[in-house]
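Work through the two exercises below with the sequence and the coordinates at hand, and compare each step with the solution.

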Amino acid sequence: MQLENNFTVPVDVDHAWRMLNDPERVAPCMPGATLESVAGDAFTGAVKVKLGPISLTYKGKGEFVERDAAAHRVVINASGRDLRGNGTASAKVTGTLVAAGDATEITVVTDMTITGRPAQFGRGVISDVSDKIMGQFASCLADSLGTRPEPVAERAAEPDVGPAAEPDVGP
């Protein structure tokens with residue numbers, strides 16, 4: 001299934017591009033996500049999500065397969081398996097950034113495949129949950145970018161945003 005989400009962050013496109021290409025800065029804004037390791041373009045972690053009456057914890061990996069700085073386009077392949085055996089999920093996530101004055105419009109297109117129990121909920125429920133998660137992510141990202149300018153030379157010295165709470169995004 002394909003899902004599309006759009007949001008705007010209050011910084012210029014180059015600033016947003018740097019942030020979105022740094023898993024250690026982005027992960028704390030993704031509800032329910034825990035980043036475990038980063039090695040080059042690959043990363044591992046877990047994502048907790050509530051889908052209808054079931055809670056899922058997907059543990060898996062992701063990899064940046066394309067980073068086009070000139071077009072401000074990034075593609076990530078990710079996959080994971082639910083720890084309780086409720087199925088698997090895989091996604092190709094394409095993020096595109098477009099300058100909008102002093103802000104940046106971000107479009108995220110996700111081609112997702114879900115197997116097992118979660119697949120029974122269908123596109124409507126999964127789309128609603130995705131919209132809520134992306135809304136929380138966009139809000140956290142906008143707050144983080146809007147309140148903490150990111151000078152390139154000082155970026156490593158900045159404190160982490162902090163872990164995001166597990167989302168309660170069931171229908």
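**Exercise 1: strand pairing**

Task: find the bridge partner of Glu63 in β5, and then follow the pairing of β5 with β4 and with β6.

Solution. The partner of Glu63 in β5 is Asn77. This is a predicted model, in which local features need pLDDT of at least 70, side-chain atom pairs count only at pLDDT 80 or more, and totals for chains, interfaces and linings use all residues. Residues are numbered from 1 along each chain as its sequence is written, and side-chain values use heavy atoms, with hydrogens and water left out.

Next, β4 (residues 54-68) pairs with β5 in the antiparallel sense over 10 bridges, where strands are DSSP runs of E of at least two residues, numbered from the N terminus, and pairing requires at least two DSSP bridges. Four residues lie between β4 and β5 in their hairpin, and His72 in the turn has a positive phi of about 50°.

Finally, β5 and β6 (residues 88-100) run antiparallel and are joined by nine bridges, with Thr88 in β6 as the bridge partner of Arg81. Their hairpin has five residues between the strands, and Gly85 there takes a positive phi near 80°.

**Exercise 2: surroundings of Leu20**

Task: which residues is Leu20 in contact with, leaving aside its neighbours within four places in sequence?

Solution. With contact taken as heavy atoms within 4.5 Å, Leu20 touches Val26, Phe64, Leu97, Ile106, Phe137 and Leu141.
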